Amino acid sequence: MLLSGLLASFTACSSVAAPPESTAAHFNAAGSWIAPAASKQPLLYVSDADGKVDIFTYPGGKPAGVLKGFTSPAGLCSDSVGDVYVVDTGLLEVLEYKHGGTSPIASLFVMGYYPYGCAVDPSSGNVAVADYASQKQGPGGVSIFQQGQTFPSTYQDSAFNAYFFCSYDNNGNLFVDGSDYGSYHTELAELPSGSTTFTAIALDRTITYPG
């Protein structure tokens, strides 16, 4: 679930490969719609397991639109101008939409991983994607796209197996949660701004499953 506004939002290893054809160019958005006045107001975006993202007015909570054509939409995030990023785990990419738009304007490709959550750095515009696991059934990671880049650099922490959600603070420090190799313990770590190494964060209570 994501609240998107016009001016603000609430909210290493690398590989080189030939870019696949942009999903944004041929994405099937058939059936997507948005209320005419919706782009001029704050909106609440909610990803739905049936392959769509539902849009509501905020704070009224009235239906304002639907984005369709996804395989398995998961995490959502937005940038400082209200553009919305939808993580599609099944497509292995993140699709960017204008605030109130019904067709993607750009794609971020997560090669070799299953993306799950995302966050936008308010200090740089970089987009971080929490990758649940690798396509080879290995551990996931955190893929960071520098502003304007299509392919990321991916970072891992040896304490993690699966990565779920992530979030930036105002200083560009990235926080991520997930689970260890037995999936019995929740992990929480920080990737400080400019660093390539995670710092573990200890909590004073047990988190059964992060969300």
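What is the mean pLDDT of the protein, and what share of its residues reach 70 or more? The mean is 87, and 88% of the residues reach 70 or more; pLDDT is the predictor's confidence in each residue, from 0 to 100. The model is predicted: local features need pLDDT of at least 70, side-chain atom pairs count only at pLDDT 80 or more, and totals for chains, interfaces and linings use all residues. Residues are numbered from 1 along each chain as its sequence is written, and side-chain values use heavy atoms, with hydrogens and water left out.

View 1. Where pLDDT is low, the predicted coordinates should not be read in detail.

**View 2. An open sheet of four strands in the order 8-9-10-11.** The pairing is antiparallel. Strands are DSSP runs (E, at least two residues), numbered from the N terminus. Two strands pair if DSSP finds at least two bridges between them. Strand 8 (73–78) and strand 11 (106–109) are the edges; each has a single partner strand, so one side of each is left without a neighbour in the sheet. On average, neighbouring strands are turned by 20° against each other, direction ignored (axes are lines fitted to C-alpha atoms; angles run from 0 to 180 degrees between N-to-C directions).

**View 3. The hairpin of strand 8 and strand 9.** Strand 9 covers residues 84–88 and pairs with strand 8 over four bridges, antiparallel. Pro-73 stands opposite Asp-88 in strand 9. Five residues lie between the two strands, and Gly-82 in the turn has a positive phi of about 90°. Six of the six residues of strand 8 are buried, so strand 8 is largely enclosed by the rest of the structure. Buried means under 20% relative accessible area, exposed over 50%, partly exposed in between (1.4 Å probe, protein chains only).

View 4. Strand 10 (residues 93–97) runs antiparallel to strand 11, joined by four bridges. Glu-93 has Phe-109 as its bridge partner in strand 11. Val-94 is buried, at a relative accessible area of 0%. Leaving aside neighbours within four places in sequence, its contacts include Tyr-85, Val-87, Leu-108 and Val-129. Val-127 is 33 residues away in sequence and 9.8 Å away in space, C-alpha to C-alpha.

**View 5. The disulfide of Cys-77 and Cys-118.** The S to S distance is 2.2 Å (disulfide: a pair of cysteine sulfur atoms within 2.5 Å). The count comes to one disulfide. Cys-77 lies in strand 8 and Cys-118 in strand 12 (residues 113–120), so the pair ties together parts that are 41 residues apart in sequence. The link is left-handed, with -120° about the S-S bond. Both cysteines are buried. Cys-166 is in no disulfide; the nearest cysteine sulfur, that of Cys-118, is 6.6 Å away.

**View 6. The largest nonpolar core, 15 residues.** A nonpolar core is a set of buried Ala, Val, Leu, Ile, Met, Phe, Trp, Tyr and Cys residues joined through side-chain atoms within 4.5 Å. Among the residues that touch the most other members are Val-142, Cys-166, Leu-174 and Phe-198. Strand 16 (162–168) is one of the elements that give two or more residues. The largest share, three residues, comes from strand 16. Cys-166 is buried, with a relative accessible area of 11%. Leaving aside neighbours within four places in sequence, Leu-174 has contacts including Ala-128, Ile-144, Cys-166 and Leu-191. A second, separate core of 14 residues includes Ala-64, Leu-67, Val-84 and Leu-95.

How values were computed: Contact means heavy atoms within 4.5 Å.
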